[in-house]
Amino acid sequence: MTHAHATLPIVDLALLDSDRVAFQDSLRTATHEYGFFYLVGHGIDAATRNRLFATARDFFALPEADKFSVEMLRSPQFRGYTRFGGEYTQGAIDWREQIDVAAEYQQLGDDPAYLRLDGPNLWPSALPAFRDVVTDWQRRCSALGLTLMREWAVSLGAAADVFDEAFAERPSTLLKVVCYPGRDNSQDRQGVGAHKDPGVLTLLLVEPGKGGLQVEHNGQWIDAPPVDDAFVVNIGELMEYATDGYLKATMHRVESPPLGSERLSVPFFFNPALSSVMPQITLPEELAAQASGVTTDPDNVISGTIGENMLKARLRAHPDVARQHHADLIG
């Protein structure tokens, strides 16, 4: 697979106030043709974004003992800190450290098995501000995600509230605060290996000036460096399911930054309740003619139930946590 010089489209949320139809058209076109786009005009100010990155730096600067006190191995719900080399994509090690924070709900049992994913987060006591800053970011991104879902619905010929019920109770959001260390060119450059997101929608904030994200487009990898004041947005497998493949979840990866530097990013995954089944939209005839069906892959079966899609992804990505807490699910 070679590299191309195409760039991701830019979608301006500010158009909602002046030309809603134009916004919906650009949203639908970007995700049909690329599955990814830059979102500007989102209304989250620079001071809030800078505070998030400053808090991320403070977390990663903590002594190892403080980070390991919230290590994911302590969490059956796959929450908490993962050290360098502790996560896998396509069976290969991802070279990054991170902390995973999800929506917190009381557990409802373990049948079906994906209900095990509900539960508490592991909050670093050595950095009390972390919880407030991350919780505020979750709230802001959830509101933005719901706005996008309603505009997508209309752009696809459905009622604006067609997705609302799936998100009405216990939405299963997930946030990662990630640090990629620099590596020299003689090393494997996999920060995160090529993958598709298993959920609905991802809002990614990348530290200004830090490249590394690459997106597959027409059989080639295109670079997706950060754009000023923009999120990188992509759809996951559940939007592919909802549109019978008119919108496709897109492969993407991250290459490690150069030696002597690092790269911070905060992906936010906006997903419905674990037990929700994603509604399947009846597309207008002209769009349905371009829907190629849901991807068929025996090694990665796409389910319309968010919990099933999320559980398979977590078990694969964190085999140490799976062995420790969910041995019955991995044989």
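The largest cavity in this predicted model is lined by 13 residues, and R79, A102, L117, S172 and L174 are the ones nearest its centre. By cavity I mean, on a 1 Å grid over the protein atoms alone, a set of points where a 1.4 Å probe fits but cannot get out, whereas a pocket is an open set with protein on both sides within 12 Å along at least five of seven lines, and lining residues have an atom within 4 Å of a point. The space in this largest cavity is about 120 Å³, where a volume is the space filled by probe spheres set on the grid points, joined across faces, edges and corners.

This is a predicted model, in which local features need pLDDT of at least 70, side-chain atom pairs count only at pLDDT 80 or more, and totals for chains, interfaces and linings use all residues. Residues are numbered from 1 along each chain as its sequence is written, and side-chain values use heavy atoms, with hydrogens and water left out.

Turning to the largest pocket, about 930 Å³ of space lies there, and among its 42 lining residues T89, H195, K196, D197 and P198 lie nearest the centre.

Finally, let us look at T243, which is buried, with a relative accessible area of 0%, buried being under 20% with a 1.4 Å probe and protein chains only. The T243 side chain reaches the backbone nitrogen of L247 at 3.0 Å, and, once neighbours within four places in sequence are left aside, T243 is in contact (heavy atoms within 4.5 Å) with L156, L283 and A291.

Note on methods. Buried means under 20% relative accessible area, exposed over 50%, partly exposed in between (1.4 Å probe, protein chains only). A polar contact is a pair of N or O atoms within 3.5 Å; within protein, one must be able to donate a hydrogen and the other to accept it, and residues adjacent in sequence count only if both atoms are side-chain atoms.
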